[in-house]
Amino acid sequence: MGRVDRPIRMDRRSFFLRGIVQLPLPLLALGAAGCRSMQFARLMTPGEEGMIGSHQAGQETFTPLVNEAVAKLLARHAESAVQQVSAVDGAESMPPPMRRVCFVGVENKSAEEIGDFKEQIYQAIDARILESQVFQSVNRRFVDAGLRDTRLRPDQLLVPQQMRTFADHMEQQGQPIDYLLYATITSGTTQQNRDYQRDYLLTLELVEVGTGNYDKQSAELSKGYHHSRLGRWRAAHSHSP
Amino acid sequence: MTGLPARLSGSLIAAALFLTGCATHMVRLQPVRTAFQQGDLAEAERLIVAEAESGSEDDLLLLDRAMVALAAGRPADSERMLRQARDGLDRVEEESQLETAWSMLGDDQSRTYAGEDYERVLLRAMLAVSNLVQDGDDAEAYSLQVIDKQRSIVAAAAEPDGTNPKAAYQQVALAPYLRGILREETHRDYDDAARNFRLVTTWQPDFQQGPFHLARASAGTHSRPGHGVVHVLALVGQGPFKAEAEEQPTSASLLIADRILSAQMQSSLPPTVAPIRVPRIVAAPGIAGTVRVGVGDWSAGQTETITSVSQMALRQQEAMLPYQLARAVVRRVVKKGTIHGVKQGLGMRHGLPSAALDLAGVAWEASEAADTRCWSLLPDRIQVLRLELPVGTLPLGLTVLDHGGRPLGDPILQDVTVADGRNTYLLVRASDAGFVGRPLTSSSNARIDLPGEPP
């Protein structure tokens, strides 16, 4: 019995230790593997590839759209400005006065809520127009005050009488305008099972105050949204030779 | 019972007491809630500070302090505290596996409180509200954060099989409403305003003003020339709180499971004498129904609910209760398993030492308490009223009404300054005793004299 007792006492100890640690240990091991993570940030270097929105459009969509649409619009009007100058006969050719553009706003007609990007898009377009030296842009604060004072909606400005009312008001405020500029974002969605493709279109419409003549330039970008990495890989390689 | 089993049982009971708190959060905070609803803001503040000094749940108490500060006419303090609490809760939002594991040995109170989903969303809504009655510079950013937060909470809960328990959550219509009125004020972004008001009508279909806002944003203008808009925001009633409830069916099922396992293993398990306790949301809105607003002799209207906080909390609880119960059951299994493991290790099947360990196991299980931590000073409902008024300074008469339209407490007069084509915001807190604290307006943050309050 004595011979039997000793090993049993040993077993009890080892079993006891095992019993004590049996359940809590896996729990603690699990815990050690999964402590709460922290959030970190870093400054992105210029030219570094930005993030791509996984669920909706982000900078990867809007930045090229703005760049392309504004560049097209400015290129066309820069040409006409040059032609105007060269058409002047006689002595010294004077550059024509810069035409004043009232950028009314960005309208979102896409399927997505663009949130804080709307202001970003407005400022990006406005800044580029100002830098171009093709047009002179009316300060946004004057535009906002004009809309508030006249109680006209941006879409009402295209009605000839209301366009005149607005233009007269801006002139009274010392901000005459030659053109109204509208930016519109639209989208079209093509579904393929759980994946989908969304085509984004940014349209810039330049309307001449007085005549109502308008110019229009667009930029388009398509983006695929995939439910899995495999889906994204398949879509990316389906057209490769 | 002598030697190791006795020492072990004693240690287990001591550990049980160590791993769980004493009184639940809500029991300790009940006096704060009562003082606040009675309008005794100084007492509410004192009690919260005393509770904070005891070292418990800083971020959670900060939320309650922020509500007291807002009612007391200190929106800047309120915003600062809410921001601090938001950042604190965000830091602990991601579940820590270590904490979850540790809580299996005690109860859910041992986990750092990251806020219920509805609280995390409403925190941002309250930030927007407290900012609006100051300069309103960040209100739009906060309202965007509300929408983003709602979206991210639901998106993060998506299961691989496509199901999502949080898809049933009620969305906070206040967020698109605030965004709608802010975008409308630009006189330019009517498309944004219409898009947001459309969300309001979808998320809160019984909000009767919704279609009018949508129609105005779609084809009208912010206001007539020479007019501005006063938005009355009312935080009405007492918000939901959590109480401890016993889950009898689950407890009974576990007791049967104990017996089956005990018979099969020929070794007793601690019987499920202690019931499974879970927190249950309790809606106790009180009798305050709405706020009537008058301009001179003209009864301009009554505030209308745009977000029901209690309803939102109840719907969330309904969606997440199975998960809470599952966690409680796992905790019991872990505890019973530990006791069983110890018995196996010591070679105990029956007898006094085994019974002593069972007793210790029962005590361990009985020491569990439901996690009743919550933001206790939220309102029951957030209500709004839009008034288009002529430019100038106007006295608004405000009265809290019960659900039957009878006045509660003393009415108050508050001057607001209406600017041409602009929004002005007026915030009030209403309870069963009338107004709590003072109204706040973005046109002037000057204090006004309230009835029964020393100057």
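Helix H9 covers residues 174-184 of chain B, and its axis comes within 8 Å of the axis of H10(B), crossing at roughly 160°. Axes here are lines fitted to C-alpha atoms, for helices over the stretch in contact, and angles run from 0 to 180 degrees between N-to-C directions. H9(B) and H10(B) are therefore roughly antiparallel to each other, given that angles over 145 degrees count as roughly antiparallel, under 35 as roughly parallel, 65 to 115 as roughly perpendicular and the rest as oblique. On the side of H9(B), the residues that meet H10(B) are B:Pro176, B:Tyr177, B:Arg179, B:Gly180, B:Arg183 and B:Glu184. Their counterparts in H10(B) are B:Tyr190, B:Asp192, B:Ala193, B:Asn196, B:Phe197, B:Leu199 and B:Val200. Two residues are in contact if their C-beta atoms, placed from the backbone, lie within 7 Å. Sorted by class, the contact of H9(B) with H10(B) has seven nonpolar, two polar and four charged residues. Ala, Val, Leu, Ile, Met, Phe, Trp, Tyr, Cys and Pro count as nonpolar, Asp, Glu, Lys and Arg as charged, and the others, Gly among them, as polar.

Helix H10 (residues 190-203) of chain B also lies against helix H11 (residues 210-219) of chain B, with axes that come within 8 Å and cross at roughly 160°. That angle makes H10(B) roughly antiparallel to H11(B). H10(B) passes H11(B) in a left-handed crossing. The contact involves B:Tyr190, B:Ala193, B:Ala194, B:Phe197, B:Arg198, B:Val200 and B:Thr201 of H10(B), and B:Gly210, B:Pro211, B:His213, B:Leu214, B:Ala217 and B:Ser218 of H11(B). Eight nonpolar, four polar and one charged residues make up the contact of H10(B) with H11(B).

## Chain B as a whole

Chain B has 14 helices and 12 strands. Helices (H or I, at least four residues) and strands (E, at least two) are DSSP runs, numbered from the N terminus. Of the 455 residues in chain B, 50% are buried. A residue is buried if 20 or more other C-beta atoms lie within 10 Å of its own, exposed if 12 or fewer, and partly exposed in between, with C-beta atoms placed from the backbone. Among contacts in chain B with a separation of 6 or more, 74% join residues 24 or more positions apart.

One residue of helix H2 (residues 25-37) of chain B is B:Ala35. B:Ala35 counts as partly exposed because it has 19 C-beta neighbours inside 10 Å. Leaving aside neighbours within four places in sequence, B:Ala35 is in contact with B:Asp40, B:Glu43, B:Ala44 and B:Leu47. B:Leu47 is 12 residues from B:Ala35 in sequence, and their C-alpha atoms are 9.0 Å apart.

## A sheet in chain B

Four strands of chain B form an open sheet in the order E5-E4-E8-E9, with antiparallel pairing. E5 and strand E9 (407-418) stand at the edges, each with a single partner strand, so one side of each is left without a neighbour in the sheet. Neighbouring strands of this sheet are turned by 25° against each other on average, direction ignored. Two strands pair if DSSP finds at least two bridges between them.

Strand E4 (residues 288-295) and strand E8 (residues 392-402) of chain B run antiparallel and are joined by seven bridges. B:Val295 has B:Leu396 as its bridge partner in E8(B). Four bridges join E4(B) to strand E5 (residues 298-302) of chain B. In E5(B), B:Gly301 stands opposite B:Val293, and B:Gln302 stands opposite B:Arg292. E4(B) and E5(B) form a hairpin with two residues between them, and B:Gly296 in the turn has a positive phi of about 60°.

## A sheet in chain A

Five strands of chain A form an open sheet in the order E2-E1-E3-E4-E5, with mixed pairing. Strand E2 (135-137) and strand E5 (214-225) of chain A are the edge strands, each pairing on one side only. On average, neighbouring strands of this sheet are turned by 30° against each other, direction ignored.

Strand E3 (residues 179-192) and strand E4 (residues 195-208) of chain A pair in the antiparallel sense over 14 bridges. A:Arg198 in E4(A) is the bridge partner of A:Thr189. Helix H4 (residues 117-132) of chain A packs on the sheet and touches strand E1 (99-108), E2 and E3 of chain A. The direction of H4 makes about 160° with that of E1(A).

## Numbering and confidence

Residues are numbered from 1 along each chain as its sequence is written, while chains are lettered from A and ligands numbered from 1 in the order in which they are written. In this predicted model, local features need pLDDT of at least 70 and side-chain atom pairs count only at pLDDT 80 or more, whereas totals for chains, interfaces and linings use all residues.

Key
A crossing is left-handed if the near helix is turned anticlockwise from the far one by less than a right angle, and right-handed if clockwise.
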